[in-house]
Structures are given as C-alpha cells and as structure tokens.
Amino acid sequence: MLSYRDHFNLDNSTIRKILSFALSRGGKYSDIYCEHTIQNRIVMEEGIISESNKWISLGVGIRTIKGEGIGYAYTEKLSFDKLKHAALTAAAIADSGKKIKPIDVSKVDCENHYPVSDSVTNIALTEKIAMIKEAEEAAREFNPHILKTSVSIVDRISTIQIATSEGKLLQDVRPMLRFTVQVVAEKNGNRQIGVSSGGGRKGISYFQTVMGPSDHGREAARQAILLLDAVQAPAGRMELILAPAESGILLHESIGHPLEADFIRKRTSAYTDKIGEKVASELVTVIDSGKIKNDRGSINFDDEGTMPSHSILIEKGILKGYMHDRISADFLNAKRTGNGRRQSYKYQPIPRMTTTYLAGGKHEPEEIFKSTKKGIYCKTFRGGQVDTASGDFVFVPIEAYLVEDGKITAPIKNFTLIGNGPDVLSKITMTGNDFAFSDGRWTCGKGQTVPVNVGLPTIKVSEITVGGSEIS
Amino acid sequence: MDRMKKIVKAAVQTALSYGAETAEAALSETSEFGVSVRNNQIETLKESVSNRIHIMLSIDKKRASATSNDLSNESINKLIKEVVELCKVMEHDEYFSLPDKKELGAVKIDLEIFDPEILDIPAKRKIRIARELEKAAHKIDKKIVTDHSSYSNVTGKTAMANSLGFCDAYRESYNAIALSCAVEDNKNGKTPGRKQSSFWYSASTSFNKLDSVDKVAAEAVRRTLRKLGSKKPKTCEVPIVFDPFTSANFLGSLANALNGASIYKKASFLAGKAGEIIAAPSLTLIDDPLLTGKIGSRPFDGEGVKSRKNIAVEKGVLKTYLMDTYEANKLNSSTTGSAGGISNFYMKPGIYPEEEIISSIANGLYVTSLSGQGANWSTGDFSQGAEGLWIENGRITYPVNGFTIAGTFNQMLKNIEMIGSNIEWQSAIAAPSLKIKNIVISGD
C-alpha cells in the first residue's frame, strides 16, 4: 500500500493554511487536488520489443470557487512557498466579500470499487514481455495475410488526495491497465487494420478472466482479415442493428454529452429544461454509474471529492436527470452526482461521464434480426462525436455487415453513422436481453481526456443515415 | 535557458557514466495563463508553470526512455539508473541510432517565435480582452448565448542535448482568443431546445498579430447564425468545396499519412507510393519549420536535427515522407528533420479567389465542418459527418447538416479541381479552399 505522506507530505496544518490562502480573497469554496502518477508502457513492433517508457508525474492543483467562477493554479513543486503561491493565484477569482475560514480536514472513508491485489505494475518486465510475445505470435499465425503487428501494454497507478475547505480529506489509489494489439493485413494491394484492446481498473487476472493476450492477438487479426473482403458501405437511410457492448458509443455521444450539466447550466445543450419530458422511446433507460466493479469508468470519488452515483438519466424514455459537477449541481439546485472529473492536476474538474449504458430489454436478438428487411449490423467502433447544441452526432463503425431479409450478408467498410439525438433515440424500437459492457478501452475527450466505458444490449434503430459511398 | 542546458547536458553525462551508449535528454518549461468569461463574469482564471524532462538511452541498440516532471538532481539520477536497467531487458533494434552528427544543430536565423510582450501584458488587460470579445458578439446579435469567450497564452523554453555533443535551446510563445456561442434553432416550433453553435478563434506566436476581437466575434457569430434552419440534403453525388478550415482538417489527415512511422508500419494509404503521382498536378504540400512567426516554426527538431523545408508533395507527385532518424533508417532514407511531428504543414495556395470556385458549381456543397474518426488515412477510406451550405447556380443558398461525405483519399486527391488563393494561418496546419470534382453525400 502506498503512503500518502510519502507522496505529498502535507499535514493537516499545512492543508489548513493553504486552504486559508486560497479563500483569502472571499472565495466560497476551495480544494487541493494532489496527484502522483506512474505509468509504464512497453511496445513490440515488427517482432522486436522496441520501446519502453516510464512516465512519472507529480502535481497539486488548487481551486477556488465563487459562484460560477473558478480560480485555478497548479504547482509541480510541493514546497510550502509554491503551494502558497498557487493558492493565492487561485484566490484571485474573488475580490471582495466576507472571508470564510476553512475547517480542519478529517478523513472520509469511501467504498473501494476497484480492489486490485495483482497489479500489472508489480510484475516483472519479463512477464509483461512474455504476454506481449504471446499476443504477437497469435496475431501473426492467424493468417498469412497478416503483414505487421504491434502490441503494447500500459499500466498506470495514480495516487490521489483531495482536501476541501468543507473539511473533507479523501485518498484513493487508481489502477489502470490497457492491452492493445494492432495488425495490418494486406491482400492484392488492399490493406486493412485490425485492433483489439481492453483492460480497466484491473490486475493480471484480467488476462485469465476476460481476454488473454493471444485472444487479443487473434481478435485483431480476425478483424483485419474480415475487412480485406469488405465492400464499400451503402449511402442513405436504412435500418440499424447494434451489437451489445461497444455500440454503447451511441449513447455516449447521442445523449451522454448533451446531459453533462455544464451545457445545461450555460443553456447551450439541446436538453436544457427538459427534465420530465419524453426524450426517447419508452424502451430506453439510460444509466451513468461510476460504481461498477473494476470498470475503466469507475471512481471511488470524483476529482472534487463527491462520491460516485448510479444515476438514472433516462427512465423508460423520460428525462430524469443530468450529470453534475459541484458547480452545476449548486447552480441548478440539484443533487451532486459525482461526475466532476479531470485529466490531471493541470485541469479543473468539469462534468464528465463515467460508465454510461442502456439497460437490457426483452427481445431475443434473433427476433431483432428477423424484423430487419434491409439494414446494417455494427459490432465494433472507432469512436464518435457530438454537437451538444443541436444534438447531431456521428459514430464510426469498424466491423459491420449488411443485413438482408433478417440475415447477415456481406461485411462492409468505410462509413460513418449520422443522426440527431432526440430523433434516433425515439426510433429505438427493440432492445435485446443480452446486455454487456464493453471491454475497458474508451477514452473520452472534452478539452481534457478521462477514461470511460459504455454498455448496451442488441438494439434496433428503425432508421438512421448510413454514410457510405455506394448509392443504390 | 543556460540553467536548462546545464541540466540536460548533465543528464546525458550521468547516463553515459551509468553505462548508456547513447543518450538524449530534452527539457521543457511551460508557463500558461488563461481566462474565460461568460456573461461578463470570469468563469475560469488559470495560471501555472510546468516542467518535463524526457530521457532516452540505448545500450547495444536496445533503447528505453522515461519522462518526469521532478527535476531534482537526485530524482533525475535515479530515473536514469532505472532507464539503464530497462535498456538491458529490451531487444536489439538494428534500426535505432542517433542522428548523423552532421545533421545536428540549430538554424541561425531569427524565427520570431517568441514575443516577450506576452509576458508583460497585465492579467487585467487579458481579462478585458476576453470580456470585449464576448461584448462584441452580443453587440452583433442579442440572441447569441456565449459558451465561453477566452484569452490564453503559453510560453515555453525547450533545451536538448545528446551524447554526440549537441546542446541547444530555444524559447517560443503562443497566444489565442476564442469565442464559442449558440443560438436557438426551433424550426417552426417543431424542434424545441435545438440550438446551433459554432466558434471562431485567432492564434499567433505574437500578441500584436492576433486578429481584433471584433473580427473574431463577427466570424463566430456568422458561423453560428448561418446554420439556422439547416436541412438534411438528399443522397447524391456532387462537387464540393472545403472552406479553409475544413481544408486544413483534411490536410491534417494527409500529414498523418505522410508520417514516417505510418509508412514503415504500412498503416498509411501512401505507403509504397514515393515518387508516384498521388494527386492532381495543382497540389503541392510543404512542411516548413523556417517560416518566420508561425506557430509550428522551430530551429531544430525533437532529435536536435537542424530544421529544413520539405516539399512532401510537389505538383501531385509524392516526393518525400516526413521522417525522424529511426523512421528514415527503417525506410532506407535520411531524416527530414521531422522528429516530433510536422512543423508548419501547408497546402500551396492556388490562383482562384474563393468566389470564383463557388461560382464554378451549378449544384454542390460548401463544407464548413467535419466530424468523427472516419478519415481513415491508414486504409485510405474517407467517410465523415459534415455541415455546410448548399451551392446552386454558383451561389451559396441554404445551410445543410445531418449528412456524411464519403469516398477514398486516392479519388479525392486525384479529383482536386481548383485550389483557392485564400490560405488562412490559424494553426500549424494551413490550407486554402479546395474544390473536389465529386463526392458521395449520404443524407435523406
């Protein structure tokens, strides 16, 4: 177990003094966010363990809030003078008002949603290299058309300590594992890429219980080989079936981002003032939870010290709530949801998703296929993007197929799906009984990056615009 | 800067003394300031300094590296020791080497990439600029809701040394003003809550070269208001024009496709195409770190290789990839001074004013925004979400959205018909408007 004192060396009296400086200009609230991160990355390329990088980062971010205003400063040197300077810089957001005194901080215990006793960080380098080689071999041997393979393993441990002027002191150790295989396959001058990646706040047991190194190798190779024979996707409106797990990207973009409450507070989201209204088909129940065991999106507390929640955003099609940071919750008089997150000590927290998913339904996947005359079926995704003001969003499939008369036919490639949030969510006509979370590989960008996850059962969308290049 | 040079020199010496055969150390120190305003109130005010040291060592062509922000002597030495140990478990990579000694060095001309004035401007004035920018937008149209209006600046120092005796440093600065805003777009009462939003910005290495707040506000508001009442176009195949902003976005994909690492990994549609015609003869793509006062300018690259201008594509012919030493070794070529990525990567402007390009189209699309990860420069496939304005009989008419454009990079590059004279330098990637003969639009 890591010791917090070793990392940050901040005793209670120092914390109290620094918080006093941060509030010295009349701010209403302050917090001190300490972070120490060690990340190891090893890469194999073209059959050689060619790259290894160790990354160490230590810093303290100090924030003062007054109303909707934030003063923010960070320092990478943890001397009292540097911390004081950062606190006074943050304090400058306020320039009047009654000074409030911070109270002494005392430790708040929190539930550990990601106990890891077999951290990858602690295993010998030779063991990591053996796993990488296993994956590389599995990919290479999958098919003679596999031309290039690269494999990487990244493990990270962040130690976090937050002290608030409300008297809370919270401490956490956040592990993260990510294993990735990428292959290039080539046939008759046509080259395709396959990627398989996964992990989460997990230890070595991930490889035994979820996906082993060779499973990732074979999966990346399978995708690339499949895509070699894929045809250009069609253009125009058609029916859409989404496979379980990764397709949750649809929710993350179409409804997740526009429900982040900074956009609500600023009234720039398409879902401003819509609580209680019908915003999706009655089959749609959407949840954001930061409490899923060992999940990539999970947090023991958010980056401003609020406990994570299991928030029902949409229940049977009715909008129930937004995802808040402290500022938006206070401004909108709502309950804090534990969605105030940041990339690192260099950033102030803003409302972000954790793990966003659509609850399972009653339909057998076979029924969903049977109901589809002419459509497409998408299994894995590259990512997506949304315009939170209009609700227009795109998401980009990798592995996908044509569906004709209820049957999967040809694999297709090169297309983007485009839709409008409220429109597409109203067209979810079937939800499967085969819910699954995605393997942990998603990173969300909103000016800063944070790890997230998604989940979904098989679902049917009665119509969406498929952006291929073949006009029928 | 002398202090920083001393640190990297010492790190290289320490590494050699611990048994490293080659060593490279780079140190950066970055100061940032940012203020963001909404409804005339300060939303965020941020100011800080950060450091980063990067060390790369090799023994018998086995390499390992480390990055840290702890610059104490003791920590750096401990880290170097760990990297030396890491090297020993890595594998021999025959392509690894430091650059040729004759390639190393800093160009002697003043690139004008550091403006000391940025450091002298009082925070109060920077806050006032962010407020004035927002005010200027509200003055144009009261219906505008601002998301944020900001001024920010970054100043940095970079020092680098390696075991071939290279040691140099430079300073640079960057500042920007940006405004993003939204407006209600309730089409005939049928889309309650729907809004249209956009943003605009101006960025430069020096304070005096920023566009005026009035100009930036006007452009942000114009880009927002012109989207009101957007329609979904019919699925069809038509000519398109990328505006300078989306043209630069398209160019960004080409920069990735020309990158030496993508080429040797065969993860670029341009792999194996050196010397071939890849585009219409009007297309010339240049990466030039020596332009004065530009955001991507630098005296040497990430390996200490002296900066030089590279013409990657000339009159449609692929002349060179953009490579660092390792990538060049892999490709049996020489470094182009591109370690750390592109510098100022741009498309050589053509002869056509944008109006003339638009007026050449009877029925087509003017693209103002692209979205998603569907520009797949690895395989050469292209499908992206888009927004824009429809062109009829040579004139811009109504706004369109909710559609995609799709094709392949090969076709798109060969189908370039006209290149504008209107290049815009707002980032390290710059391009003029670009007309492509035809592309598939997927909409209704």
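Q: How many residue pairs are in polar contact across the interface of chain B and chain A?
A: The rule finds 51, with both residues at pLDDT 80 or more. A polar contact is a pair of N or O atoms within 3.5 Å; within protein, one must be able to donate a hydrogen and the other to accept it, and residues adjacent in sequence count only if both atoms are side-chain atoms. The largest share of the side of chain B that touches chain A comes from strand 2 (residues 41–59) of chain B, with 11 residues. Strands (E, at least two residues) are DSSP runs, numbered from the N terminus.

Q: What kind of model is this, and how are residues numbered?
A: This is a predicted model, where local features need pLDDT of at least 70 and side-chain atom pairs count only at pLDDT 80 or more, while totals for chains, interfaces and linings use all residues. Residues are numbered from 1 along each chain as its sequence is written, chains are lettered from A in the order in which they are written, and side-chain values use heavy atoms, with hydrogens and water left out.

Q: What makes B:Lys265 and A:Glu45 a salt bridge?
A: The term asks for a side-chain nitrogen of Lys or Arg within 4 Å of a carboxyl oxygen of Asp or Glu. For B:Lys265 and A:Glu45, N to O is 3.2 Å, so the pair qualifies. Across the interface of chain B and chain A the rule finds 11 salt bridges.

Q: How much area do chain B and chain A bury between them?
A: About 5,900 Å², 47% of it on carbon and sulfur atoms. Buried area is the accessible area (1.4 Å probe) that two parts lose on being put together, summed over both. B:Asn69, B:Glu91 and B:Gln373 supply 11% of what chain B buries against chain A, more than any other three residues.

Q: Why is A:Asp303 called buried?
A: Buried means under 20% relative accessible area (exposed is over 50%, partly exposed in between; 1.4 Å probe, protein chains only). A:Asp303 has 3% relative accessibility, so it counts as buried. Its side chain makes a polar contact with the side chain of A:Arg174 at 2.6 Å.

Q: How do you know that strand 3 of chain A and strand 2 of chain B pair?
A: Two strands pair if DSSP finds at least two bridges between them. Three bridges join strand 3 (residues 69–75) of chain A to strand 2 of chain B, so the two pair. They run parallel. A:Tyr72 stands opposite B:Lys46.

Conventions: Helix = DSSP H or I, 4+ residues; strand = E, 2+ residues; numbered from the N terminus.
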